[in-house]
Amino acid sequence: MRRRQPTPAPEPHVGLPGEPLAPALPDPADLEREATLARLFELHYSSMLRLAVLLGADDPENVVAEAYYQIYRKWRRLRDVDAAEAYLRSTVCNLTRMRIRHLQVARKHVENPTVLPDEAVASAESTALLRDDQRVLIDALQQLPARQREALVLRHWLGLKESEIAAAMGISPGSVKTHTARGIAALTQAMEARR
């Protein structure tokens with residue numbers, strides 16, 4: 001008995017030389033995602049950049065760009081599109097925290113650092129965001145522990161509620177109260193010592 005050879009699959013139509021290729025039809029879901037992310041960028045880029053600066057990121061533009069990239073990648077898993085701003089805020093906080101931690105570890109292992117923290121050059125956008133009358137406050141804020149700094153920035157600069165801060169920081173509302181109270185006390189003490 002002879003076996004039948006399977007019939008080969010038809011080859012895709014490539015087209016004749018000079019014949020234009022038919023453009024691929026974009027997925028409507030992708031178009032909606034692109035438009036929503038563009039609106040999100042227009043509405044929140046400045047505030048996310050300001051947040052990264054206030055939290056102490058040495059490269060706030062890259063932190064915010066990474067946050068937008070992460071939300072772009074995870075868009076289909078985002079349960080509530082209205083929560084995109086909160087997701088961005090949380091991502092900026094986490095990325096800034098990770099970046100600061102990474103830099104602290106890296107600085108410990110460098111024997112002769114070429115740029116000392118006092119000599120670091122701020123980006124043009126960071127400089128534009130901070131006025132001279134804010135520099136003293138920002139310097140005092142940068143001296144606070146990371147969690148206290150995050151709680152104060154989210155509460156007093158962004159005006160978030162305790163539940164929103166808890167979600168952004170990944171902690172309980174009670175911990176938000178503790179970090180905020182301790183941060184205010186430490187900030188007050190630091191500001192009074194500079195006078």
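## Aromatic pairs and nonpolar core

The structure, a predicted model, holds two aromatic pairs. Both are set out below.

| Aromatic pair | Centre-to-centre distance | Angle between planes | Geometry |
|---|---|---|---|
| Phe 41 and Tyr 45 | 4.8 Å | 35 degrees | tilted |
| Phe 41 and Tyr 68 | 5.2 Å | 65 degrees | edge-to-face |

The pair of Phe 41 and Tyr 68 counts as edge-to-face because its planes, at 65 degrees, exceed the cut-off of 60 degrees. This pair links distant parts of the chain, since Phe 41 belongs to helix H1 and Tyr 68 to helix H2, 27 residues apart. Phe 41 and Tyr 45, by contrast, are four residues apart in helix H1, so about one helical turn separates them. Through these ring pairs, Phe 41, Tyr 45 and Tyr 68 are joined into a cluster.

In soluble globular proteins, nonpolar side chains tend to be buried together. The largest nonpolar core of this model has 38 residues, of which Leu 51, Val 64, Ile 71, Val 92 and Leu 154 touch the most other members. At least two core residues come from each of helices H1 (28-54), H2 (60-73), H3 (84-109), H5 (132-142), H6 (146-157), H7 and H8 (173-194). Helix H1 provides the largest share, eight residues.

Val 64 lies in helix H2 and counts as buried because its relative accessibility is 0%. Leaving aside neighbours within four places in sequence, Val 64 is in contact with Tyr 45, Met 48, Leu 49, Ala 52 and Val 92. Tyr 45 is also a member of the aromatic cluster. As for Ala 52, 12 residues away along the chain from Val 64, the C-alpha atoms of the two residues are separated by 7.3 Å.

Leu 154, when residues up to four places away in sequence are not counted, touches Leu 51, Arg 89, Cys 93, Gly 159, Leu 160, Ile 165, Ala 168 and Met 169. Just after H7, Gly 170 adopts a positive phi of about 75 degrees.

Terms used. Residues are numbered from 1 along each chain as its sequence is written. This is a predicted model: local features need pLDDT of at least 70, side-chain atom pairs count only at pLDDT 80 or more; totals for chains, interfaces and linings use all residues. Side-chain values use heavy atoms; hydrogens and water are left out. A nonpolar core is a set of buried Ala, Val, Leu, Ile, Met, Phe, Trp, Tyr and Cys residues joined through side-chain atoms within 4.5 Å. Buried means under 20% relative accessible area, exposed over 50%, partly exposed in between (1.4 Å probe, protein chains only). Contact means heavy atoms within 4.5 Å. Rings of Phe, Tyr and Trp (its six-membered ring) pair if their centres lie within 6.5 Å; planes under 30 degrees apart count as stacked, over 60 as edge-to-face and the rest as tilted.
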